[in-house]
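Student: I'm new to this one. Can we go through what some of the descriptions rest on?

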Amino acid sequence: MLSYVIRRTLGMVPTLLVISLLVFLIIELPPGDYLSNQIAQLKAQGEAASIAKVEFLRKEFALDRPFWERYLIWLGAWPGPNGFSGLIQGNWGWSFEFEKPVADVVGTTLPLTILLNFATILFVYVVSFPIGIYSATRQYSWGDYGFTFLGYIGLATPNFLLGLIMLYLANIWFGLSIGGLMDPQYVDEPWSLAKVGSVLAHLIVPTIVIGTSGTAGMIRRLRANLLDELHKQYVTTARAKGLNENRLLVKYPLRMALNPFIADIGNLIPSLVSGSVIVSVVLNLPTVGPVLLNALKSQDQFLSGFILLFVAVLTLVGMLISDLLLAVLDPRIRLGARAGQ
Amino acid sequence: MTEREITPGQAGDGIERYVDPTPFDPMQAEALTEAQLRYYQASQWQIMWRKFRRHRLAVWAGIILFFFYLNVPFAEIIAPYSPNQRDSAHLFAPPQAVHLFHEGRFVGPFVYGFEAKFDLEFSNWVYTPDHSKVQPIRFLCFGAPYKFWGLVEWNFHVICPAEGGTLFLAGTDRLGRDMYSGLVYGARLSLTVGLIGVAIGMVLGMLFGGLAGYFGGLVDTIVQRAIEILRSLPELPLWMALSAAVPVTWSPLAVYFAITIILGLLDWPALARAVRSKLLALREEEYAKAAEMMGAGPSRIIGRHLLPGFMSHLIASATLSIPSMILGETALSFLDLGLRRPAVSWGVLLNEAQDITVVIVYPWLMMPVIPVIIVVLAFNFLGDGLRDAADPYR
């Protein structure tokens, strides 16, 4: 098991490298950079004194070097103006717009982003699991049809529009503002039990909004998998031998259907993270979503680059966890790899 | 064979033998009825069509989509106004309900005119219907002039407001632009974004998937890794980053194509994976081997012998990825990163609904949500139906 964990974790390193290169490529795509645009603006206004300062900053952040050097400096694999100081060394870069290190800008939003995504995944599991089993065991019942219908609606409603609709309905029906991730009075307070409670209460709506389409997909797949298993011969045999229906379900077909269920969460995570970014913008949640949008619009490249990378890493870690879970659950995976060698 | 002749035995042994005079047909047992014959001689596409027609929901989805797509070529004729036409006398006007009877008398479809008043206390517009103003809707009429496809000047519409009246079926926005006309014109961009994006994704998917599946080895490994990495990335943040890189100075048309290319660029991995696995299976088939031995090149074998084998499957899975592109464009335009006025798409219209306080007072600004949901749902059903029809084992 340990060797599987290590192998699987090390396998992420080249993937991360490729992703970091891709992210850097994307944030460098717009012509010019934040500072050269500022220089052009200052020149237009005829402010020579400030230009010198910005030129200095350009050198300071190595923006005047060729692409490869810039990338490696950002990564921390090449000596920049201040020696090795990049992502690997824990320096996340500088936000030009806020004139602060990126770490200070995004610092408080990172744990909340992780929390939100974790809550969503938990929601998807907790809701889709019983409903999936119910729909499969009571196929073509009214409950099954009801959930299938709800599922289709959930699949078709884009999550940011669902957020918008819920925002509207909450306002119309309850006169309630559901934006934000905590009551305004707690925003600058230190963490306390009341603050945690407030955050949890505010987490409910975004979790449902982000998780709905994923849940709908998971229910459909669990139902299909379980139905496949239920029609196999061993189920009939077990039933013929007089095994109690509940025990029969839990002991054999459910265990078989569980594997794809867990493996699927890995495929689901990218779309969940995607959803959390845009839903955060709509519901005005203090996660990386709104920060990313602003950074992209103002071409604050190190800030947007870091967030893109963070979001990608979050997805990869999620997939890693789902793979490890799968290995714990299914001996074929952790032993199969060894047998194959 | 109702009648049998009795012939005396030829061998002269006196035993009578019963012989059927009708000529013997060795294929008789396998003879097919007319209907069966048609079924077996049907081409692959005809069989698919037959299976598809049995899928009721998918057929209805297809019909609904057809009507939605009618808006694409004929938007100018269907919409009563042009989408950027401002009516400063009717800002934030609510949708006008269509009535048939006025004071118990049948007048045909008409709307009541309304009085606009600015409420200074809540600082919003209040509209009260004026029941003395009956404005019959005109059909197949001449109204606001437009340029059909930006080429020919014309003023023919399917519906127009009454002379001197208004017809805001879905209300107006903050500049007095008709939402219904916006929805009709918006369909043009919103619905084609998915098609063009999927076409790009399909070409890339077939190219990379074809290379990986046919050549295998190192090419396969590289493509596989690329697919794995791209699929593990959250799409939307990447779309956001890429479309933020589209220069603001570009013309709406250029931005539109840039957005479709961006949407298509990240879509190919799923299709490439499908193409690859199908190719791996099909290239072991005898007819592929035979073609190879006869000296056909890789491009001919792939294009002529292998592609037709899974084209139907490919089209079905491509249909299922159209909705995600429509949603992608909607999301990007909603966030100000995609299309901008004067271009009109459903996402651009939704952009007006970004401020929740405005939406609560003027809820009809959320109207574009409805066509988006209908179209996405319809594409899902259609795709499901197509996929089932393309599956030879069902």
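Here is a short talk about a pocket and about chain A.

Tutor: Keep in mind that this is a predicted model.

Student: What makes the second largest pocket a place between domain 1 and domain 2 of chain B?

Tutor: Look at who lines it. Domain 1 (66–71 + 181–390) and domain 2 (77–175) of chain B both give residues to the lining, so the pocket lies between them. The space in this second largest pocket comes to about 490 Å³. It has 18 lining residues, and the closest to its centre are Arg188(B), Leu189(B), Leu253(B), Pro342(B) and Ala343(B).

Student: Which elements give two or more residues to that lining?

Tutor: In chain B, they are helix H3 (56–78), helix H4 (179–215) and helix H7 (252–265). H4(B) gives the most, with 4 residues.

Student: How do the residues of the lining divide into nonpolar, polar and charged?

Tutor: You get 12 nonpolar, 3 polar and 3 charged. Leu, Pro and Ala count as nonpolar and Arg as charged.

Student: Over to chain A. How do you know what share of its residues is buried?

Tutor: A residue is called buried when its relative accessible area is under 20%. In chain A, 47% of the 341 residues are buried.

Student: How many helices and strands does chain A have?

Tutor: Chain A has 16 helices and 2 strands. Its C-alpha atoms fill a box of roughly 90 × 60 × 40 Å along the principal axes.

Definitions and conventions: Residues numbered from 1 in each chain as written. Chains lettered and ligands numbered in written order. Predicted model: local features only at pLDDT ≥ 70, side-chain atom pairs only at ≥ 80, totals over all residues. Heavy atoms only, no water. 1 Å grid on protein atoms, 1.4 Å probe; cavity = no way out; pocket = protein on both sides within 12 Å on 5 of 7 lines; lining within 4 Å. Points joined across faces, edges and corners; volume = space filled by probe spheres on them. Domains from an automatic or database assignment. Buried < 20%, exposed > 50% of the residue type's maximum accessible area, 1.4 Å probe, protein only.
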